[in-house]
Amino acid sequence: MTGSDAQTTTRVGAVFVPQLPPERLKSVAQAADEAGLDELWLWEDCFLESGITTAVAALAWTQRLTVGVGLLPVPLRNVAITAMELATVHRLFPGRARIAVGHGVQDWMGQVGARAESPLTLLREHLTALRSLLSGRRVTSSGRYVKLDGVALDWPPPRMPELLSGATGDHTLRLAGELADGTILTGGSTVAQVRRARGLIDEGRARAGRTDPHRIVVYLHCATGPDAASRMEAERVRWGYDTMDGHGVAGGAEAVAEAVRAWAAAGADTVVLQPTPDDPDPEGFMAFAAQEVTPWSTTDHGPAGPGRGPASGCLRGVDREFVS
């Protein structure tokens with residue numbers, strides 16, 4: 001069963017882009033929480049902001065918001081530390097965190113002396129050990145990269161949390177289907193790429209004999225407001241696209257909701273709106289995503305009901321991974 005089969009509506013999230021200073025996070029997270037947004041996503045991008053620190057702060061400042069981290073680069077992290085941090089977060093804020101691991105950007109990994117000769121082997125070993133540790137098992141491993149000697153968490157989560165992996169290349173997508181519970185696709189993934197990724201993930205799931213749900217999260221470039229077109233053009237140049245058609249959307253709530261439905265129909269369970277770094281009102285963008293877009297973003301192309309925040313109707317305004 002795919003994630004799309006397991007639910008009738010698409011979850012909508014938004015990114016707190018790390019080009020904003022960390023001191024802006026509190027007001028943005030609280031705006032997302034108060035507006036009723038499903039999910040707020042954070043990035044651990046070199047060398048901007050960390051993932052776990054910002055996630056814990058956002059969770060502590062809010063009441064109901066789900067906070068995602070996409071993603072923690074495994075070359076930077078000993079798997080035992082990753083397991084300790086994830087276990088602590090999931091015990092402190094049960095059911096409110098979605099944290100992914102992945103290759104990271106290889107050039108960045110090289111800058112800090114952490115680039116692996118075989119990123120796929122590293123990710124496989126990391127995911128395997130991480131799942132075992134979070135499940136409360138004692139782990140001994142003598143892999144190429146992950147080496148553990150009788151390691152077990154004293155405070156594992158009461159139950160195994162969702163384990164997400166970032167992926168773009170074919171081999172990594174199959175690996176995510178085999179070993180992870182969900183996959184994060186990078187911003188700019190087209191509808192066709194999402195559909196193809198779902199197929200490759202399902203190949204990995206079949207190889208592992210997995211029949212449990214596998215949820216796909218995709219970032220969608222998004223610009224709103226009177227200068228949306230010019231800001232989206234700047235994003236096109238920044239990311240090197242020939243055109244933004246198929247990679248993102250600029251416009252009002254109806255246009256954005258239509259895009260969310262299209263990406264959901266291709267196989268995405270969560271569509272995370274990725275604002276431009278120069279969005280003049282990131283707090284307002286959270287309200288826009290929650291109250292103007294979410295109610296019209298169901299997978300059956302019909303309204304899901306009125307906005308869920310206290311001020312419905314208010315409008316104020318993939319980690320990149322290059323390993324196959």
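Which helix gives the most to the lining of the largest cavity? Helix α11 (residues 282–293) does, with three residues; helices here are DSSP runs of H or I with at least four residues, strands are runs of E with at least two, and both are numbered from the N terminus. The model is a predicted one, in which local features need pLDDT of at least 70 and side-chain atom pairs count only at pLDDT 80 or more, whereas totals for chains, interfaces and linings use all residues. Residues are numbered from 1 along each chain as its sequence is written, and side-chain values use heavy atoms, with hydrogens and water left out.

The largest cavity holds about 70 Å³ of space. Among the residues that line this cavity are Val15, Phe16, Val17, Pro275, Asp279, Pro282, Phe285 and Met286. The largest pocket, in turn, holds about 400 Å³. Its lining comprises 18 residues, of which Gly95, Ala97, Arg159, Pro161 and Glu162 are the closest to the centre. Helix α4 (79–92) and strand β4 (97–102) each supply at least two residues of that lining. Grid points are joined across faces, edges and corners, and a volume is the space filled by probe spheres set on the points.

Because aspartate 279 lies in the loop between β11 (270–275) and α11, and arginine 231 in helix α9 (residues 228–239), the pair ties together parts that are 48 residues apart in sequence. Aspartate 279 is buried at a relative accessible area of 10%, and arginine 231 is buried at 4%; buried means under 20%, exposed over 50%, and partly exposed in between, with a 1.4 Å probe and protein chains only.

Helix α9 also contains arginine 238 and glutamate 235, which are three residues apart and thus separated by about one helical turn. Their side chains form a salt bridge (3.2 Å, N to O). Arginine 238 is partly exposed at 42% relative accessibility, while glutamate 235 is buried at 3%. Elsewhere, salt bridges that share partners join Arg11, Glu39, Arg98 and Glu162 into one network. The whole structure has 22 salt bridges.

A further salt bridge links arginine 144 to glutamate 117, with the closest N and O atoms 3.1 Å apart. Arginine 144 lies in the loop between β5 and β6 and glutamate 117 in the loop between α5 and α6, so this pair ties together parts that are 27 residues apart in sequence. Arginine 144 is partly exposed, at 46%, and glutamate 117 is exposed, at 71%. Strands β5 (residues 139–142) and β6 (residues 147–151) run antiparallel and are joined by three bridges; pairing requires that DSSP find at least two. The hairpin that joins these strands passes through four residues.

Definitions and conventions: On a 1 Å grid over the protein atoms alone, a cavity is a set of points where a 1.4 Å probe fits but cannot get out, and a pocket is an open set with protein on both sides within 12 Å along at least five of seven lines; lining residues have an atom within 4 Å of a point. A salt bridge is a side-chain nitrogen of Lys or Arg within 4 Å of a carboxyl oxygen of Asp or Glu.
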